[in-house]
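Student: Can you walk me through this model? I'd like the overall fold, then the inside, then a few side chains.
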Amino acid sequence: MQGRSKRRETALARAARELLAERSYAEIRVGEVARRAGVSVGGFYARFRGKSALLHLADMDFLDACQTAFDRAVPDGSGGSVEDIFRKFITVMVDQFAVHRQALLQAMRHAEADDLAGFRERAAAFNAHVHGRIRRLMAEHRDQIGHDDPATAVNLAIFIASAAARDAVLRGSLAAYPVDLDRAGLVDHLVRSATRYLTGGGQ
């Protein structure tokens, strides 16, 4: 029963993301999402209070996709250099921000104050899982991190890489500098920046 419920939620999350990528939030009806997901409208309302759930579903779809892709790319106990680990992490983030871009922008635009606690809670769980694994893997490379405080350096490298990927892909912020990079070029530069920051000094 629990498996069926999770499958329905996953189908609804995917449908919400697809529709938010196609049209504006204002134009989408709950019935469309339910039909695309193969769920009755009553089944939707049995789980969610109203249309604002679409924003939460799109956010869940993004975080689930990121975590699944990261777990495949960087399984627990995986080896690799500092550069290898950050390349896999940054590639996942850049790719998933690109795939979910329209839905995420709409979720950010239409989320109300009441929604923010849920978004923050899911983000915290995602960060604990993904960032926690990077921290554990970086601890195995402690001797390569050229900082007096390696833990802080790793946390800052994760933050900078995540924030730069998000702003570059979601908001197109690089154009203001101006920098014109394709997705692979963005990954290369962010990996180089994170790796050099971590291994190249900063005493």
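Tutor: The protein chain has nine helices and zero strands, where helices (H or I, at least four residues) and strands (E, at least two) are DSSP runs numbered from the N terminus. This is a predicted model, so local features need pLDDT of at least 70 and side-chain atom pairs count only at pLDDT 80 or more, while totals for chains, interfaces and linings use all residues. Residues are numbered from 1 along each chain as its sequence is written, and side-chain values use heavy atoms, with hydrogens and water left out.

Student: What box do the C-alpha atoms fill?
Tutor: Roughly 60 × 45 × 30 Å, taken along the principal axes.

Student: And how much of the chain is buried?
Tutor: Of its 203 residues, 43% count as buried. Buried means under 20% relative accessible area, exposed over 50%, and partly exposed in between (1.4 Å probe, protein chains only). The accessible surface comes to about 11000 Å², and 50% of that belongs to carbon and sulfur atoms; areas come from the Shrake-Rupley method with a 1.4 Å probe, and for residues only the protein chains shown count as cover.

Student: OK, the inside. Which residues touch the most other members of the largest nonpolar core?
Tutor: F86, F89, I90, M138 and L198, out of 38 residues in that core. The elements giving two or more residues to this core are α4 (53–73), α5 (82–99), α6 (101–110), α7 (113–139), α8 and α9 (183–199). Apart from it lies another core, of 24 residues, among them A13, L19, A37 and F48. A nonpolar core here is a set of buried Ala, Val, Leu, Ile, Met, Phe, Trp, Tyr and Cys residues joined through side-chain atoms within 4.5 Å.

Student: Back to L198. What does L198 touch?
Tutor: Not counting residues up to four places away in sequence, L198 touches V82, F86, M138, Q144, I145, G146, H147, A153, V154 and A157. Contact means heavy atoms within 4.5 Å.

Student: New topic: how many aromatic pairs does the structure hold?
Tutor: Five. F44 and Y45 form an edge-to-face pair, 5.4 Å centre to centre with 85 degrees between the planes. Rings of Phe, Tyr and Trp (its six-membered ring) pair if their centres lie within 6.5 Å; planes under 30 degrees apart count as stacked, over 60 as edge-to-face and the rest as tilted.

Student: Which residues of α4 and α5 pair up?
Tutor: F70 lies in helix α4 and F89 in helix α5, so their pair ties together parts that are 19 residues apart in sequence. Both F70 and F89 are buried.

Student: And R17, where does R17 sit?
Tutor: R17 lies in helix α1 (residues 2–22). R17 is buried because its relative accessible area is 19%. Leaving out residues up to four places away in sequence, R17 touches D61, V99, H100 and A103.

Student: Last one: which residues form a nonpolar patch on the surface?
Tutor: L156, F159 and I160, with about 290 Å² of accessible area together. Patches are made of residues with over 30% relative accessible area and no salt bridge: like charges are joined within 9 Å, nonpolar side chains (Val, Leu, Ile, Met, Phe, Trp, Tyr) within 5 Å. A salt bridge is a side-chain nitrogen of Lys or Arg within 4 Å of a carboxyl oxygen of Asp or Glu. L156 lies in helix α8 (residues 150–170) and counts as partly exposed because its relative accessibility is 36%.
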